[in-house]
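Hello,

Here is the structure we talked about handing over. My notes on it follow below.

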Amino acid sequence: MDYLSKSGFNQKKPEKMLVDINSCFATIEQQANPLLRGKEVVVAAYDGGGGCILAASKEAKKLGIKTGWHIQEAKNICPNLIVLTPDTEKYRFINKGLKKILLEFSPKVQTKSIDEFAIDFKNIDIDLKKAALKIKEKIKNELGEWTTVSIGIGPNIFLAKVASNMQKPDGLVEINQDNFEEIYKKLKLTDLHGIGNKSAYKLEINGIKNPTDFYNCSQQQLRSIFKSVCADYWYWRLRGYEIDNKEQEFKKSFSAIFSLKNPAKNRQELAAIFYQLCLKVGKRCSRQKMGARGVMWWGGGKNINIKGKIHNQEILINGWEIFQKIYPKIPEFNGEIKKAVIAIYDLQTKAWQENIFKEKEKFRKETEVAEEINRKFGEGTIFPGTILTVKRIPDFIGFGQIG
Amino acid sequence: MDFNHYQNKIKPIQIQWNNRDFRIEQVGMHHQFHQGKRLLHVFSVMSKGMFFKLVLDTENLFWKLEEVSDGLPE
């Protein structure tokens with residue numbers, strides 16, 4: 001916290017790097033299938049007109065096609081658009097491969113998401129620009145010649161991220177004490193990661209029109225605008241001091257969302273989707289050795305909205321138990337559910353008291369065995385009889401997740 | 001299939017599909033994943049303007065052709 005007494009830009013040599021795979025899912029698909037290279041390709045949640053675009057190739061991006069669009073919107077611009085559905089195993093493989101490469105340069109590699117890594121070069125005597133070029137070369141040799149990354153270098157992860165976004169695809173930009181003013185002049189407020197349209201509007205009505213104004217703003221002024229500790233965070237971030245480097249030790253909640261190509265038309269079909277989502281959040285929660293007390297679910301479509309939440313006295317330890325709690329509360333309905341969400345909150349460590357009810361203990365043991373069998377023989381080997389008649393939903397990767 | 005024991009790498013050389021031989025011209029990607037404890041190798045390959053996705057199941061050494069495409073929009 002030695003920076004608290006300083007007010008200028010961080011004078012230290014940049015030692016943070018952010019590596020971002022360009023158009024991740026689409027690039028990986030083009031890497032795998034050479035026939036797709038140079039073509040307008042998108043990877044979407046599903047291949048119907050309403051499917052949401054998860055990644056667009058650089059060729060598609062040149063036409064203005066953006067992540068988050070519906071396929072039909074993109075096809076209006078590009079009738080020859082190639083639409084693919086996600087192949088999650090491929091993306092996880094590239095994610096692991098890239099991490100392996102980065103670990104050769106520094107032991108401190110943080111996975112930010114499926115396509116993004118932050119690397120800390122503190123106490124490592126290395127020229128970061130040369131290291132970045134070597135990383136790019138290794139990626140081409142080991143992951144494939146079509147796979148490109150944008151690399152940003154900065155005194156903190158935030159500015160490294162800003163730098164990585166400045167030149168796409170295949171960029172390499174450094175922000176340091178000598179060029180930050182010049183770079184801030186070129187950027188808009190919304191180019192700063194974490195400033196969306198709402199925050200930009202809030203800043204603008206307070207006279208902060210661009211990153212240079214933002215940088216020149218005093219801590220007091222920022223505090224009166226943000227009215228929270230965020231003011232101090234922004235003050236230090238823009239000056240190149242590290243405040244975002246902490247890997248969140250424990251998450252406070254987990255959620256999983258799925259858009260359905262074939263809408264759920266009855267209770268059983270919706271239950272099957274909720275079951276898959278429960279397993280997903282349950283697994284993420286178990287990984288940090290926690291259980292949940294609160295569960296929230298939502299299913300929605302045209303003119304239909306099914307939602308509910310429960311707050312349990314006991315900790316729910318896995319997806320099976322979460323599903324067991326919500327299953328009786330899923331109502332019969334008429335209509336089509338196109339999107340489903342499960343969120344768990346009020347997470348607690350698994351150091352629960354020994355359960356006095358043997359039946360409950362038996363269920364926990366049974367589900368642990370079922371999870372072990374599924375791990376060994378593949379997901380879906382054992383599943384609840386309540387969803388026996390329904391097809392499973394495919395595996396998916398949410399934003400900011402890799403598992 | 002070609003196995004390079006120096007590099008410990010395998011590579012498909014030729015496939016037969018629809019009574020035609022396709023000599024593999026390019027391996028776009030070779031990735032692996034586990035289905036339970038079963039290790040699967042996936043080869044995304046190209047030959048004669050066609051794309052093939054081949055999966056080798058290391059448990060029974062069976063090859064499966066999972067995808068064929070010509071790289072054009074549907």
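In which sense do strand E2 (residues 41-44) of chain A and E3(A) pair, and over how many bridges? This is a predicted model, and in it the two strands pair in the antiparallel sense, over three bridges. One residue pair can be named: Val42(A) has Ala56(A) in E3(A) as its bridge partner.

The pair belongs to an open sheet of three strands in chain A, with the order E3-E2-E4 and mixed pairing. Strand E3 (53-56) and strand E4 (82-84) of chain A are at the edges; each has a single partner strand, so one side of each has no neighbour in the sheet. From one strand to the next, the twist averages 30°. Helix H1 (residues 24-32) of chain A lies across E2, E3 and E4 of chain A and runs at about 120° to E2(A).

Next, the contact between the chains. Chain A gives 17 residues to it and chain B gives 14 residues. On the side of chain B that touches chain A, strand E5 (26-35) and strand E6 (38-47) of chain B each supply at least two residues. E5(B) has the largest share of that side, with seven residues. Sorted by class, that side of chain B has five nonpolar, eight polar and one charged residues.

Last, a single residue of chain B. His5(B) sits in the loop between strand E1 (2-4) and strand E2 (9-11) of chain B. His5(B) counts as exposed because 7 other C-beta atoms lie within 10 Å, and the cut-off for exposed is 12 or fewer. His5(B) and Val55(B) are 50 residues apart along the chain, and their C-alpha atoms are separated by 20 Å.

Regards

Key. Residues are numbered from 1 along each chain as its sequence is written. Chains are lettered from A and ligands numbered from 1 in the order in which they are written. This is a predicted model: local features need pLDDT of at least 70, side-chain atom pairs count only at pLDDT 80 or more; totals for chains, interfaces and linings use all residues. Two residues are in contact if their C-beta atoms, placed from the backbone, lie within 7 Å. Helices (H or I, at least four residues) and strands (E, at least two) are DSSP runs, numbered from the N terminus. Ala, Val, Leu, Ile, Met, Phe, Trp, Tyr, Cys and Pro count as nonpolar, Asp, Glu, Lys and Arg as charged, and the others, Gly among them, as polar. A residue is buried if 20 or more other C-beta atoms lie within 10 Å of its own, exposed if 12 or fewer, and partly exposed in between; C-beta atoms are placed from the backbone. Two strands pair if DSSP finds at least two bridges between them. Axes are lines fitted to C-alpha atoms, for helices over the stretch in contact, and angles run from 0 to 180 degrees between N-to-C directions.
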